[in-house]
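Keep the 3D view open as you go.

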Amino acid sequence: MTMIGTVYLVGAGPGDAGLMTVRGRDLVAACDVVVYDRLVGKEILDWCRADVEMIFVGKEAGRHSMTQDEINALLVEKARQGQSVCRLKGGDPFVFGRGGEEALFCLENSVPFEIVPGVTSAIAAPAYAGIPVTHRGVATSFAVVTGHTKDDDAPPENLPVADTLVCLMGVRALPKIVAALLARGENPDKPVALVRWGTTENQQVVTGTLQTIEAEVEKAQLKPPALIIIGDVVNLREQMRWFDARPLWGQTVIVTRAREQASGLVAGLRERGARVIQCPTIRVENLDDYTILDDVLNGFQAYEWVVFTSANGVEKYWDRLAVAGLDSRPLCSSQIAAIGPATVAALKAHGVNADFVPETSISESVAEDLLLRGARHGRTLLVRALEGRDVIEKMLRAEGVEVVVAPCYRTVPDTSQAEEAKAEIEAGRVSWITFTSTSTVQNFVDAIGADTIAAHRDKFRVACIGPITARTAEQLNIKPDAVAENASVEALVKVILESAT
Ligand code: SAH
């Protein structure tokens, strides 16, 4: 007999993936089946196992949405097949999430269940709007209500009395809620805020008073999903606003870097409030043939210098060491050069400190620096991409240095996100496009089309990581508006911030 699986009713938090609980994330990553709703953040689904069965049960235009009975039956059926089921719900499963019904149905059917509470939007969306639901001297109580009644025409009954009222699913019922509060004698000047897609990069906040809020919502064309906050705490937003006050808030930035390398730039931009669209134009792939690197690793040649030109190179080098059953000792008698801060960090993560980090990442000056540091007296190993620039090796060889080039990965064009990026550019929503290498510029132009870029060139700005990338951009008719000083991700974020504010 198959063992019955467990159904986990998991709160996915209000949207920002970072607000999910550790327990919730562990379950998303472990379960056989993930059943999810519309309000669950996309990034959270990326944590699922590669072989997971994902089932969407939310409402979406043009699609049949499952009834609650069908969802209940689905959870029980999957568990009876012996599968572990993660039932992901926006916010907290028991705050207007119908988690209670699903738990009771499991109970009736003798299917074991567990509850993982989540950060509810009722508290988190106000917080991300700079509104604390309680505040000393302002609000000592808050109540969370639904604006959705079984009969949509019925007025909301018996709205509770609390200093702060948070109403979920209430956008459509706003006029009725306002009328009910005024009818019971609330001050028409009582502050009100609506928060749509709170805690996400699409967060939208509209404020007003009981008297003005309907007109404000109309003016802003604010649509669900949003929640309503009614109470004097709303006034605190003026001072406490933080999330949508960050310097790059409201700006969309396209990142063209390969996914494997993009995390630093993406995080740096998001931290400053930017909406980031990843449009990697290249993808890092393993080589079919590692003979050169394997021979180097297994050989007994001594290298005066080993030069790592990228963090990818470092990772692949260690991958091959592992394949050969080796550790980092082949490096023990060499001096190690690392180009760029990400490469330094990658080496450090493997317990190796670089002896030399060139001041710039420009190949010409790297080669000169290496020669100054005595590279001419011994053999040099270059660990790099198959199709990297060959300036360093040529310059070293010209000075009589014996150079071994060990390619350890290759980059191939990636057009999987090009359509989305193109649509955003055409819609005029893009504020910045970032280029982090010559190849990303070329590949991006190939993927999006020079015509499209030219036609919308006045709507976005272009930032390049360094002078070489900037020159390539210029040659392709995309004159950069900002160029980072020292070819680092930090410097790139900095120049964007400087010209954005
Ligand atoms: N269980 C969820 C609520 C589900 S009801 C929770 O605890 O958050 C769905 C309603 O929640 C939406 O109609 C909207 O009013 C509110 N909501 C959910 N996520 C939201 C968000 N990110 N920003 C604003 N409101 C949100």
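A polar contact here is a pair of N or O atoms within 3.5 Å. With that in mind, please note that this is a predicted model.

1. A polar side-chain atom of Thr120 lies 2.7 Å from an oxygen atom of the ligand. The backbone takes part too: an N or O atom of the Asp92 backbone is 2.8 Å from a ligand oxygen atom, and a backbone N or O atom of Val95 is 2.7 Å from a ligand nitrogen atom. As for cover, the ligand has 540 Å² of accessible area on its own, and the protein covers 91% of this.

2. **The shell around the ligand.** You will find 17 residues surrounding the ligand, with Val95, Thr120, Ser121, Gly198 and Ala226 the closest. Sorted by class, the shell has 11 nonpolar, 5 polar and 1 charged residues. Helix H5 (121-128) supplies at least two of the shell residues, and so does strand E10 (226-230).

3. **The largest nonpolar core.** This core has 28 residues, and Phe308, Tyr317, Trp318, Leu347 and Leu381 have the most contacts inside it. Among the elements that give two or more residues to it are helix H10 (291-298), helix H11 (311-323), helix H12 (341-349), strand E14 (305-308) and strand E16 (379-385). In soluble globular proteins, nonpolar side chains tend to be buried together.

4. **A closer look at Leu347.** Which residues are in contact with Leu347, leaving aside its neighbours within four places in sequence? They are Phe308, Val314, Trp318, Ile336, Ala338, Val352 and Ala354. If you are still browsing cores, a second, separate one has 22 residues, including Val253, Ala274, Trp432 and Ile465.

5. **Ala139, in a loop.** Ala139 sits in the loop between H5 and strand E6 (142-146). Is Ala139 buried or exposed? It counts as buried because its relative accessible area is 3%, and buried means under 20%. Not counting residues up to four places away in sequence, Ala139 touches Val133, Thr134, Asp163, Thr164 and Val233. Ala139 and Asp232 are 93 residues apart in sequence, yet their C-alpha atoms are 7.4 Å apart in space.

6. **Thr472, in a helix.** Thr472 lies in helix H18 (467-475). With a relative accessibility of 13%, Thr472 also counts as buried. Beyond its neighbours within four places in sequence, Thr472 is in contact with Thr438 and Val441.

Conventions
Residues are numbered from 1 along each chain as its sequence is written. This is a predicted model: local features need pLDDT of at least 70, side-chain atom pairs count only at pLDDT 80 or more; totals for chains, interfaces and linings use all residues. Side-chain values use heavy atoms; hydrogens and water are left out. A nonpolar core is a set of buried Ala, Val, Leu, Ile, Met, Phe, Trp, Tyr and Cys residues joined through side-chain atoms within 4.5 Å. Buried means under 20% relative accessible area, exposed over 50%, partly exposed in between (1.4 Å probe, protein chains only). Helices (H or I, at least four residues) and strands (E, at least two) are DSSP runs, numbered from the N terminus. Contact means heavy atoms within 4.5 Å. A residue is near a molecule or strand if one of its heavy atoms lies within 4 Å of it. A polar contact is a pair of N or O atoms within 3.5 Å; within protein, one must be able to donate a hydrogen and the other to accept it, and residues adjacent in sequence count only if both atoms are side-chain atoms. Accessible areas come from the Shrake-Rupley method with a 1.4 Å probe; for residues, only the protein chains shown count as cover. Ala, Val, Leu, Ile, Met, Phe, Trp, Tyr, Cys and Pro count as nonpolar, Asp, Glu, Lys and Arg as charged, and the others, Gly among them, as polar.
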